[in-house]
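Visitor: I would like to learn how to read the features of a new model. Could you take me through one step by step?

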Amino acid sequence: MDKKIFYIRWKGKESGAFSKKEILDMLNVGKIGYLYKIRTKSTQWQLIKDVNLDEIESAEPEESKSKAEYKTDYFAIILYSTAGLSFLSLWILSVSIALSMYAYLMNDKKNAIASLIFALIISLCGFFFFETIFPTISE
């Protein structure tokens, strides 16, 4: 695992968070020594020489999703729903594009780009269906 959960302290100065790999690399290079103190959010300061990093890393609880991430999840549902309905009218397509731009500006780039592509494909399919196939079927 590459969780950044470790904090180090030397002469009263605290720095971090670091992953286990970063701590081991700093030890190997000589940037830090075994007399530095180390902790996580759930442990007390200890000398690095007295700590088993594997045990601490596996005992550290997983970070739960923040409220902001849950809001992003709900927003993604709305984003994809409007994209799926974009074949109905240009207004819905416009709303879908606006929501995609908002998501992109809020750093949810993956969902923004995917929903924009999805909306454009769905609207083109809808346009093709209603302009060519539906008139033929309804005759």
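Guide: Gladly, and we can begin with the rings. F87, F129, F130 and F134 form one aromatic cluster. This is a predicted model, in which local features need pLDDT of at least 70 and side-chain atom pairs count only at pLDDT 80 or more, while totals for chains, interfaces and linings use all residues. Residues are numbered from 1 along each chain as its sequence is written, and side-chain values use heavy atoms, with hydrogens and water left out.

Visitor: What makes two rings a pair, and how many aromatic pairs are there?

Guide: Rings of Phe, Tyr and Trp (its six-membered ring) pair if their centres lie within 6.5 Å; planes under 30 degrees apart count as stacked, over 60 as edge-to-face and the rest as tilted. By that rule there are 5 aromatic pairs. Take F129 and F134: their ring centres are 6.2 Å apart and their planes stand at 45 degrees, so this pair is tilted. F130 and F134 make an edge-to-face pair, with 6.0 Å from centre to centre and 65 degrees between the planes.

Visitor: Where do F130 and F134 lie in the helix?

Guide: Helices (H or I, at least four residues) and strands (E, at least two) are DSSP runs, numbered from the N terminus. F130 and F134 are 4 residues apart in helix α5 (residues 109–138), which puts about one helical turn between them. The chain has 5 helices and 4 strands, in the order β-β-α-β-β-α-α-α-α along the sequence.

Visitor: Is F134 buried, partly exposed or exposed?

Guide: Buried means under 20% relative accessible area, exposed over 50%, and partly exposed in between (1.4 Å probe, protein chains only). F134 is partly exposed, at 42%. F129 is partly exposed at 32%, and F130 is partly exposed at 38%. Of the 139 residues of the chain, 29% count as buried.

Visitor: Which charged ends sit over the rings of Y7 and Y104?

Guide: A charge sits over a ring if NZ of Lys or CZ of Arg is within 6 Å of the ring centre and within 35 degrees of the ring normal. Over the ring of Y7 sits the charged end of R39, 4.8 Å from the centre. For Y104, the charged end is that of K109, 4.6 Å from the ring centre.
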